[in-house]
Amino acid sequence: MTMRPGIATAPDSSHAHLAREMSLLGLVATAFGAMIGIGINILPFMVQRSQPGVGAHVPLAYLIAAVPAGLAALCYAVLASAMPRAGGSYVNATRALNPFAGFLASFAQWFGLSIGMGVVAYLMVPMLRDLLATAGLTTIAPALDRGIVRVPLALAAMWFAWWVNVIGVRSYQRTLVVMAMITIVGPIIMTVAGAMFTHADFDAALAARGATIAGADAPIPSFTPAVFWGTCVILFSSFIGFDSVSQAGGEARRPSDLARAILIAIGVIALYYIVFTWAVYHAVP
């Protein structure tokens, strides 16, 4: 930076900085990749155990949970567009509170994501094993249960993700868009199938196979407001992840795309959660 007495000058434009090459599509895919996961594939059905009696009211609970999630997303959208810099929650907390609060926010998020990446990579191998078994490759599938095979494959998955990011933001964007599309294909198929069939079809399919559901004759717990609101609180965690868009504030082509991506993601994902769970509970008692 060149300094002259009494004159403030801008930093040298040749100084190294992040490349602003991420489009709106890449930002939306970032949010999709961070939000869609266990929150929709497991949580809406596991909640029947912790909140017995909620029954088929899960889609309505998602609708209620989307309200505070939308308000939080609006706050992130405003902050991300006002401070379009890499760092996301660290930058926001640092400017709004103090540097130590920003450190705590970013460290907690980094630590949690590090654990999450390891778990996902490790559990990816059994999924690959099941795919191979379903494809008829029964001689190869059992080998993936061996620790000497499972651990290197999990590490290779994390190294691949690291390599994609090292290459550059363009490779990251292309990879993430493809992965986000793959992630939603299966649930979309389940949504269509769930809308086409009813509880009667489900019972008929079980009867045709001579199968029964354990505990089907047990009394159904009563639905109460406490159970419903408890379900809403649990399902709110399904929306966590849209803040990942603000982490790319230094790589977005247009700062306004940050706010658009967050609002698009929270709106589309909320609708997706509601429709998906409605379709599943429409087909399965």
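The crossing of α4 and α10 is right-handed, and that pair is a handy place to start looking. Please keep in mind that this is a predicted model. The protein has 12 helices and zero strands, and its C-alpha atoms fill a box of roughly 90 × 50 × 35 Å along the principal axes.

**Overall picture**

- Read along the sequence, the pattern is α-α-α-α-α-α-α-α-α-α-α-α.
- The protein has 285 residues, and 32% of them count as buried.
- Among contacts between residues at least 6 apart in sequence, 81% join residues at least 24 apart.

**The α4 and α10 pair**

- The axes of α4 and α10 come within 8 Å and cross at roughly 60°.
- That angle makes α4 oblique to α10.
- On the α4 side, the contact is made by V58, L60, A61, Y62, I64, A65, P68 and A69, which meet F228, W229, T231, C232, L235 and F236 in α10.
- The residues of this contact divide into 13 nonpolar, one polar and no charged.

**The α8 and α12 pair**

- Here the axes come within 7 Å and cross at roughly 45°.
- With that angle, α8 is oblique to α12.
- α8 passes α12 in a left-handed crossing, whereas α4 and α10 cross in a right-handed one.
- From α8, the residues I184, P187, M190, T191, G194 and A195 take part; they meet Y272, V275, F276, W278, A279, V280, H282 and A283 in α12.
- This contact is made up of 11 nonpolar, three polar and no charged residues.

**The largest nonpolar core**

- In soluble globular proteins, nonpolar side chains tend to be buried together.
- The largest nonpolar core here holds 48 residues, and those touching the most other members are L27, M35, F239 and Y273.
- At least two residues of this core come from each of α1 (24–35), α4 (58–82), α8 (169–196), α10 (225–236) and α12.
- The biggest contribution is that of α12, with 13 residues.

**A closer look at T277**

- T277 sits in helix α12, which covers residues 255–283.
- Is T277 buried or exposed? T277 is buried, because its relative accessible area is 0%, under the 20% cut-off for that label.
- Setting aside residues up to four places away in sequence, T277 touches I40, P44, V58, P59 and Y62.

**A closer look at L176**

- L176 is found in helix α8.
- L176 is buried as well, with a relative accessible area of 14%.
- Which residues does L176 contact, leaving aside its neighbours within four places in sequence? They are G26, A29 and T30.
- L176 and A31 are 145 residues apart along the chain, with their C-alpha atoms separated by 10.0 Å.

Note on methods. Residues numbered from 1 in each chain as written. Predicted model: local features only at pLDDT ≥ 70, side-chain atom pairs only at ≥ 80, totals over all residues. Heavy atoms only, no water. Helix = DSSP H or I, 4+ residues; strand = E, 2+ residues; numbered from the N terminus. Buried < 20%, exposed > 50% of the residue type's maximum accessible area, 1.4 Å probe, protein only. Contact = heavy atoms within 4.5 Å. Core = buried A, V, L, I, M, F, W, Y, C linked by side-chain atoms within 4.5 Å. Axes fitted to C-alpha atoms, helices over the stretch in contact; angles between N-to-C directions. Parallel < 35°, antiparallel > 145°, perpendicular 65-115°, else oblique. Left-handed = near helix turned anticlockwise from the far one by under 90°. Nonpolar A, V, L, I, M, F, W, Y, C, P; charged D, E, K, R; others polar.
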